[in-house]
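Welcome! Take a look at the structure first.

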Amino acid sequence: MLHTTIGNVGHLCIIISFVTSVISAFGYFKSLQIKNLEEQESWKKFSRYSFYLHGLSIVGVIVALYSIIYNHYFEYQYAWSHSSIALPVYYIVSCFWEGQEGSFLLWIFWHALLGLILIKTNRKWEAPLMVVFATVQAFLCSMILGIVLPLIDFKIGSSPFLLMREAMPDLPVWKMNPNFVPEDGRGLNPLLQNYWMVIHPPTLFLGFATTLIPFAYAIAGLWRGEYKEWIRPALPWSLFSAAVLGIGIIMGAYWAYETLNFGGYWNWDPVENASFVPWLVLVAAIHCMIIYKTNESALRISFILVITSFILVLYSTFLNRSGVLGEASVHSFTDLGLSGQLLLYLLFFLVGAVGLLIYRWKNIPTEEQEASVYSREFWIFIGATALCLSSFQIIAATSLPVYNKIVEALGFVSKLAPPADAPTYYSKFQLWFAAAVAILTGTGQFFWWKKIKKENVSQHFLTPALVSLILTSLGILATTKLELGDFFSNPTYIALLFACIYAFVTNGTILFNIARGNYKLSGGAVTHIGFAMMLFGILYSSGYSKVVSINTSGFAISNKDEAFTKNNDKENKENVVLWLNTPLEMGKYTLTYKGVRVEGRELPEYVRPELVELIENDFHAVALQDIEQQGKKYYAKGDTLPVFPENKYYEIDFRDKDGKVTTLYPRAQINKKMGNAFSPDLKHSALGDLYTYVALAPNLDEKEWSKTEKFTVAVKDTFFLNDYVAVLDEVKRVTEFEGKPLGPQDAAVQARILISGKEAIPHEIKPVFVIRDGMVAMPPVENAEAGVRARFVSVDPQTGKFTFDINTSQRDFIILKAIEKPLVNILWIGTIILSIGFVMATIRRYREFKLMRDKGF
């Protein structure tokens, strides 16, 4: 049975949302053309209710799509592509926005909600704001419209409510069964099965959506000729947008840190850059908006930067979803045929906004006199300039694939390639920009809060500069003494360390002075302190991260795999081999690999694989024994339990010099969508993290065994198995087999074979020869640590010798990389403080706006 009704309802809601957004935009525009107040209010009311209906229809689309995913209606292509029966409910939510259509819908929802808030909170600016809002919504809704225009056969948007037979009409199955419904879906990308992916995308898209509000205010200000008045209501929203977008970016960085294995939290991926650049420009815009009262030159710059931040959000959307970054980024979506619409969307607002700005340019008030170098406006301008230059350097390099496409479209050939080593390329520029911005945050704050003149500059800056130099020197000495790194090998790091400390000292001084008066004014200082701490944490955790898994064995892990041999055998030197249950010294730790573990979805701990039997393609397993954890029995033998079969966890004990053991579980995923992926596990401490991941591991499910060899030996005889020496230690009678007692007519003997290799660590294997109910049983027994499988095949009582069939295989091992990330916690603490500062500033500026609004201004 096909559940077509809910899809039809959802698609109808999309059409309604598109139509009502167009109607609302037209109605609000019409109200601005009419001078009669009564008729003007009538058009506003009509447009307002149209937007209400638009918001309601968006909720209808969301309910319909979520119902399809939640109820596993796999006749729909979106549900089949992104979900599966086995997914827990909290990851079903992530399925909603894994695809392009769902993420567009999330963005549309936030815009609709923000539009409703603006209607309720600022009726004075309602009409011009909502013209912009409703127009943006019309463009976004067109992205998921999924209709084909008759006659010209032109498709607009991609609908999330396509049936499988509509999305894949060429499959042969439709000829045999037009109503065929897959039993299960492809599932959510395992890399996205993470709690950060439940909250990161909504936060990031809310950040993107909020950039529309200051943009709409700027357009409204230009439209109505109110060049100063728009800033007061736009400023709190700009601060709120910077806070939310910044938090969303940091969430993504932390997800990458604990899920991906590139060794950090920021890899300068093009999609990462495309979300970061609008935030930088928005922060620059905020600083210019703050000083418009004392320097009217800031008005023009504020218009430019606010418009640019929103256009960059649209540009990042184009980069991410047009497929242009398909070969340059691991995060970009594939092209769904929306490239033309995305480009039209971008150009419409770019040309419209820039054209309006040019048209009004001469009318925007400006300051004829240049700002003095001793004025606070000058230093804020310099800071905003540094942020803009930083963003330009990032976006220029990120856009190289776009340049190539443009040149090719003009009939020429361009082979500009993105930087091969992106972290090194971007960092050599961005470290200096970061240092400059950090110094400017402190200097600007001093000029903002203190009356500084030419004759008393040294009086204000000498002390913090000297304190910062002293603390920088102490930091360099401590870094050397603790063997974290050598600052003198990279002078750039000295500059960045001084900048971080200087920003902390100066802003801390300002914060202390403000807090004694009115702490509500300290949002800027708190934000700058958080920024300084972030840079400090980045400097140490990235600049002085240290690989501790040094290969001292003298043997290369691989002489053929390019992943290990490139860059002068870098990975061969920086990874260690851990054999199963074989301790290895690594720096201040003794490591022991304990084996692979299975993840039960409803268990507090991982499960040994011999305790369960996985059911293929079912996301469940059968318990082969009672499963008890933390003193509680969860499953009895024979019970079925839900598992994550694509996840393999490698249990590794880290024993320090004091005997304290920490167990880590780095993960490997059998990931059909992204290829097999390895994720790290972290050992946290106050001074930093030990970041570990498995770089390579054998596929134990496809283990190949050698041809069978027969060995006939007596007790205490020695024989050789590849690199091992084996001894038949004993053979004894046993009275039980597989947990059941043997009968009076039954018999069984068990051998104990000791196996030792070059590590001098003995292993044992105990094959059994059984006669029960007149039948002979010779079950194979395996020792994974030695890679040996033995079968007890015969007993010769006359000679006293015993025969065994032996197979050998690759021993269980993993290749491990471990990196120390010193002081990384300061980075995460700094992000929290930065966010708190933005929130404080947002609340303060909103209260100021509300006060003036209530007075009628």
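A polar atom of the Asn-194 side chain lies 2.7 Å from the backbone nitrogen of Trp-196. Keep in mind that this is a predicted model, where local features need pLDDT of at least 70, side-chain atom pairs count only at pLDDT 80 or more, and totals for chains, interfaces and linings use all residues. Residues are numbered from 1 along each chain as its sequence is written, and side-chain values use heavy atoms, leaving out hydrogens and water.

**Confidence**
- The mean pLDDT (the predictor's confidence in each residue, from 0 to 100) of the protein chain is 89, and 96% of its residues reach 70 or more.

**Around Asn-194**
- Because its relative accessibility is 8%, Asn-194 counts as buried (buried means under 20% relative accessible area, exposed over 50%, partly exposed in between, with a 1.4 Å probe and protein chains only).

**Aromatic rings**
- There are 58 aromatic pairs (rings of Phe, Tyr and Trp, using its six-membered ring, with centres within 6.5 Å; planes under 30 degrees apart count as stacked, over 60 as edge-to-face and the rest as tilted).
- Trp-266 and Trp-268 form an edge-to-face pair, at 6.1 Å centre to centre and 90° between the planes.
- Trp-268 and Tyr-426 have ring centres 5.2 Å apart and planes at 20°, so this pair is stacked.
- Both Trp-268 and Tyr-426 are buried.

Definitions and conventions: A polar contact is a pair of N or O atoms within 3.5 Å; within protein, one must be able to donate a hydrogen and the other to accept it, and residues adjacent in sequence count only if both atoms are side-chain atoms.
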